[in-house]
Amino acid sequence: MSSIRPLSRLVRAGLQKSAESSNLSRSSYGTRVLSRRSFASQSGNKSLKDDELLARARPFWKTEEKWWPYLMMLAASGSLGGLLVVSADAKTKEEGPTEKVSEKKKRLLILGTGWAGVSFLKDLDTSLYEVTIVSPRNYFVFTPLLPNVTSGTVEAHSITEPVRRIARNRKKSIKFYEAECLHIDAANKTASCRDMSDVHVKGKEDFTLEYDLLVIALGAQPNTFGIPGVKEHCHFLKEIEDAERIHQSVLDCFETANLPHLSDEEKRKLLSFVVIGGGPTGVEFAAELHDLIHEDLVKLYPGLEEKVKITVIQGADHILSMFDERISDFAEKKFQRQGVEIQTGCFVQAVTDNEVTVKNKSGQLYTMPYGMAVWSTGIGTRPVVSKFMEQIGQKSRRVLATDEWLRVKGCDNTFALGDCATIEQRKIMEDIDEILKLADVKNSGTLTVKQIKEALESIKERYPQLKAYLKANNKHDVMALLGKKVPDGKNVQSVEVSIEDLKKALGHVDSQLKLFPATAQVAAQQGEYLAKCFNTMDHTDAEKGPPRVRGSGRHRFKPFQYRHLGQFAPLGEEQAAAQLPGDRISIGRSTMWLWYSVYLSKQVSWRTRFLVAFDWSKRVIFGRDSNRM
């Protein structure tokens, strides 16, 4: 305060001197104050002198009152105090980054915006990392409804959600770059990317991003199996652009077939639609195509209905071979009633611009003319993933191999999920010696049912295939696992078990181990699981995983376990089939309504939820979209 008093005195003296030296004329106030008469009349005192009127009209700092310098001194003191506070605050802010540098967040790079990538992003605590996303498309696609887009039932924008809108709802700002990753350098932890858009700065298309943690969720691309002509002449159904092209191609076929100068044979060829692949995607597309043609297009193109032919080519003995036999049988009979031809046990050998060459079960070759062919069988590895696999010693594999925690094998701080990766579950027999030691605590060389039960309970979480096998086969005890019966008159817990029988039973469990299907359901669950791991990765020392079979302690996290929630197969004409958990089967119109409710609830936002529901309602009232644009 001692430094403030001299300053206030100087300010006061200066202001007083300025007031005394200023001698403004009355006329200078003419434009700013009321006239003498009007001022006097407003004040209610007409006898006031001119000097008094002028004094009242002057600002307070032009008067001779003694109180106003104190006010100015107070303002100056307050300004100085505020300056000191601001200076102190600025100093604190300057010191802030020094503290943050020591707590620098790890750079997390996410490649891909499909089911796996978006599910991971939605559940990730983005305040813990510096998150960057790279993808050649700036939106998420609800792929299960792509067949609806091909028929015009649902519009393309209704099943897409901007990634930036999803990222905007997170705790921390996220960087997103619409580009394609071309190369991953695992040694230097960099990713080389390129702007693939039509609008770019020449010579600056390529850029490089550094990372500390990498999540690869690039999905897969259609697999042509090297068959000639497939890539050049067939439509795929993997992206939103594919669905829109198929819709336009169907309308093109009808518009051309409706021309008056074409023969019936040429019209039949144009209206022959071939679907290669009898899995869920191919069957659902064939059903949607049938409904589009027979419920909408035949009304707009009279006389062409009898010339339409839809054929489904399937390499297996039945369509929907991954479903229960009852569903496959129902679907085949329904297609036959609708006039959809099914050719099972047949393999495509080549595709030209106007016909498909097929080999049947007996090895005979024949050709099929077509107007449009859709390829919906098999998925392949993207080039950037293939190059990365060569770099880390996985060249001979089809997709990236990860462990049960989704960590890429042979590469630190790198994770992969979705269609671009597969989990290599560790087999029980690889650790059978340690498991036997764990069971035979007393090292007696023999095992009882009680000892085996305790050992299996401790490893069941580490080896999910054991838990899945016991649940699927309703085996609730050790004797059921071994396929043995309890001897009469003996306590089951004390029954001794042959070690060879135990090894044989556990070996059979390993033989039933299957890879997870490349579905949206698996990718979404993997994204959710990995996000939970990342949220606690560097902020807790608790080990929540199963006990280590080799070594002491526990694993950091529980291994990923897939929960099958069921699968649907829409079959057209407002009917669908579903295989629900517990091997329950549901077929019919009620199942279709269940399909509507489930897929509506699984939308990533209320915006897409509303748009999809609106499109479905619009189709009932006005029919499907048949515009060719």
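**Entry 1: the parallel sheet**

I began with strands β11 and β18 (residues 372-375), which pair in the parallel sense over 2 bridges; I took strands as DSSP runs of E of at least two residues and helices as runs of H or I of at least four, numbered from the N terminus, and two strands as paired if DSSP finds at least two bridges between them. Before going on I noted that this is a predicted model, in which local features need pLDDT of at least 70 and side-chain atom pairs count only at pLDDT 80 or more, while totals for chains, interfaces and linings use all residues. Residues are numbered from 1 along each chain as its sequence is written, and side-chain values use heavy atoms, with hydrogens and water left out.

In the pair I started from, histidine 235 stands opposite valine 374 of β18. The pair belongs to an open sheet of 5 strands with parallel pairing, in the order β11-β18-β12-β13-β14. Its edge strands, each pairing on one side only, are β11 (235-236) and β14 (341-344).

**Entry 2: the antiparallel sheet and its helices**

I then looked up an open sheet of 3 strands, which has antiparallel pairing and the order β25-β26-β27.

**Entry 3: nonpolar cores**

I looked next for nonpolar cores, each a set of buried Ala, Val, Leu, Ile, Met, Phe, Trp, Tyr and Cys residues joined through side-chain atoms within 4.5 Å, where buried means under 20% relative accessible area, exposed over 50%, and partly exposed in between (1.4 Å probe, protein chains only). The largest core has 95 residues, and Leu108, Ile159, Phe254, Phe273 and Phe534 are those with the most contacts inside it. Helix α11 (residues 280-300) gives the most to this core, with 9 residues. Leaving aside neighbours within four places in sequence, I listed Leu271, Phe273, Ile293, Leu297, Tyr301, Leu304 and Val308 as the contacts of phenylalanine 254. Another core, of 26 residues, lies apart from the largest one and includes Leu436, Ala439, Ala455 and Ile459.

The axes of helix α5 (residues 115-123) and helix α19 (residues 520-535) come within 7 Å and cross at roughly 35 degrees. On the α5 side the contact is made by Trp115, Ala116, Ser119, Phe120 and Asp123, and on the α19 side the residues include Ala523, Gly527, Leu530 and Phe534.

For helix α21 (residues 606-622) I checked the length: at 1.5 Å a residue its 17 residues should span 24 Å, and the end C-alpha atoms are 24 Å apart, which agrees; the expected span is 1.5 Å times one less than the number of residues. Among the buried residues of α21 are Leu611, Val612, Asp615, Trp616 and Arg619, and the elements covering its buried residues include α6 (146-150), β4 (160-162), α11 and α20. Glycine 623, which follows α21, has a positive phi near 90 degrees.

Histidine 233, which valine 351 touches, is 118 residues away in sequence but 6.9 Å away in space, C-alpha to C-alpha.

Most residues other than glycine have a negative phi. I therefore noted lysine 189, with a positive phi of about 55 degrees and, at 26% relative accessibility, counted as partly exposed. Leucine 406 has a positive phi near 65 degrees, and counts as buried at 0% relative accessibility.

Terms used. Contact means heavy atoms within 4.5 Å. Axes are lines fitted to C-alpha atoms, for helices over the stretch in contact, and angles run from 0 to 180 degrees between N-to-C directions.
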